[in-house]
Amino acid sequence: MEERSMIWQRYVIVLCLCLLAVLPAMGQDEFVVIVNTSVSNSTMNQNTIQTIFLGKKTEWDDGSPIVPVTLEDSDAQRAFMRKIIKKTPRSFSTYWISRLYTGKAIPPRSFQTDKDLLDFVESNDGSIGFVTGPASLEGRDHIKKINVVY
Amino acid sequence: MELSQVQVHGFISQGYMKTTDNNFLTMMTKDGSFEFNEAAVNFSFKLGAKLKGGVQLFSKDLGREGNHNIILDWGYGDYRWKDWLGFRLGRIKTPRGFYNETRDIDALRSTVLLPQSVYDEGMKDPAFAYQGAGIYGFLPLNGGGDLEYEFFGGTFNVYDSRSGFWDNNFKFLIDGFTREMPFPAPPVITVREPFIRGNYIYGSALKWNTPLEGLRVGGSILYAGLDMQSDVEVLIPTELITIIQLVPINLEVEVQDHIVYSAEYKYENLTLAWEKHTNKYIVREPSFQTNRDYETGGWYAQLTYQLTDWLTVSSYYSDSRDEKKYQPPEKPDHDYWLIDECLALAFNLTPNWLVKLEGHYMDGTYTLGIRENPEMVQYWSMFAVKTSFHF
């Protein structure tokens with residue numbers, strides 16, 4: 001009986017250690033969605049952001065054009081695609097090839113680094129993008145973070 | 001108005017096809033054929049936030065069809081007034097099924113050939129693109145997914161009706177009229193390079209991206225009218241002599257309901273697709289008093305799984321059926337169907353370079369060309385390899 005209790009204790013300890021290892025990663029944002037401050041929204045739901053990056057929604061609620069931009073191959077890009085777009089980076093790329101090669105739409109512009117993307121969003125009204133989280137927006141007066149509702 | 005985001009892209013592909021027993025797609029595939037390639041270049045641009053445009057020039061060789069002639073694949077202006085209402089004018093890809101508009105872009109699929117039951121390569125031109133106008137839009141359904149719709153109308157071109165793809169169709173339709181004529185013996189009919197002219201086409205398409213992530217369903221319907229002209233050689237055997245006549249024939253074809261139902265489900269690396277099409281049409285020949293009405297169709301189910309970043313495996317079962325009504329009784333049954341079982345591997349060597357291998361086991365001879373298949377065999381196989389590069 002005592003031996004069985006010991007096994008349980010060990011099991012609980014191992015489980016707690018695993019949780020401790022995982023929790024910091026769970027709390028950490030892999031990406032942050034950002035917009036130019038010309039955009040009135042501070043909160044957006046996942047589905048709306050998905051339709052923007054798939055080129056289906058092209059206007060903000062006030063009728064001004066939406067300018068989506070993406071990061072090239074990175075952890076933030078993969079996480080954004082998985083959680084928001086619900087596609088792999090490859091299927092996202094395939095989706096846009098199909099739109100482009102049939103003349104239906106031009107894909108979002110993409111940037112190699114967070115800094116390049118932040119520079120673009122800061123200077124372009126209506127733009128929306130994502131950067132590696134947690135991002136520092138210090139000194140970026142024309143950029144704000146978006147609270148994403150899932 | 002500022003001209004921005006001019007983009008230039010293109011693709012090039014080369015394939016090889018080998019079959020047993022029957023030749024396929026106007027190629028002499030029993031001997032193996034490299035006459036199986038495409039190339040395209042497109043230009044897209046935006047003029048301000050709502051107006052965009054572009055053109056794609058396209059060239060292909062597919063057996064006797066194409067022969068590297070350059071055509072305007074698509075070219076149109078697009079004004080998106082609101083997300084729920086936009087307008088297009090020019091030569092535009094026809095929204096038929098989920099994959100018609102992208103069927104010439106190899107990079108987008110993991111098989112060399114799309115299932116022929118719904119995307120018959122021989123009948124590509126009438127349903128591929130139209131010259132005219134369309135309206136389209138996107139409607140979010142607040143928790144119910146979203147809808148994409150399109151209505152269109154115009155005319156269409158058939159670029160290569162003399163290549164051989166249309167011989168079978170023309171002969172099939174002529175057979176539908178002549179078998180009831182009072183010939184002393186069944187005539188032997190040979191169609192000489194038919195000419196096809198598209199008169200009109202109109203229709204609509206609806207896609208519903210359902211609230212279940214990855215599941216979309218849709219339907220498209222189109223109506224069309226075309227004239228089919230050919231000098232038909234008629235051999236009438238009699239007891240004493242064989243009479244040979246060359247008869248000019250002009251068939252008027254009215255496609256009344258060409259419907260495609262579609263469903264696709266994507267979950268992580270898995271894609272399941274199912275599509276079914278039905279086609280009802282009426283044929284008139286002014287010399288004959290009666291019309292002929294036909295109903296054909298087909299369906300397929302496909303499974304695609306991306307095993308790794310560089311390897312994708314696909315398999316489909318495709319079933320096409322033709323109308324037996326009005327046809328000569330001596331025609332073999334297997335001329336009325338084509339069942340195609342395909343297994344394919346796609347290797348993404350780089351993000352822009354793709355190599356595909358596939359094998360098909362075929363049952364039936366429906367859609368096979370009579371010019372390159374004087375004798376047809378019911379059971380046959382096909383192997384294809386194709387490489388594509390896009391930029």
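Predicted model: local features only at pLDDT ≥ 70, side-chain atom pairs only at ≥ 80, totals over all residues.
**Exercise 1.** State in which sense strand 9 and strand 10 of chain B pair, and over how many bridges.

*Solution.* Step 1: strands are DSSP runs of E, at least two residues, and helices are runs of H or I, at least four residues, numbered from the N terminus. Two strands pair if DSSP finds at least two bridges between them. Step 2: strand 9 (residues 215-237) and strand 10 (residues 242-267) of chain B are antiparallel, with 22 bridges. In this pairing, B:Arg216 faces B:Glu264 of strand 10.

Residues are numbered from 1 along each chain as its sequence is written, while chains are lettered from A and ligands numbered from 1 in the order in which they are written.

**Exercise 2.** Describe the pairing of strand 10 with strand 11 of chain B.

*Solution.* Step 1: strand 11 covers residues 270-284 and pairs with strand 10 in the antiparallel sense over 15 bridges. Step 2: B:Val255 has B:Tyr281 of strand 11 as its bridge partner. Step 3: 2 residues lie between the strands of this hairpin, and B:Glu268 in the turn has a positive phi of about 50°.

**Exercise 3.** Find which residues of helix 2 of chain A are buried.

*Solution.* Step 1: buried requires 20 or more other C-beta atoms, placed from the backbone, within 10 Å of a residue's own. Step 2: in helix 2 (residues 46-53), A:Asn47, A:Ile49, A:Ile52 and A:Phe53 are buried. Step 3: just after this helix, A:Gly55 has a positive phi of about 75°.

Terms used: Buried ≥ 20, exposed ≤ 12 C-beta atoms within 10 Å, placed from the backbone.
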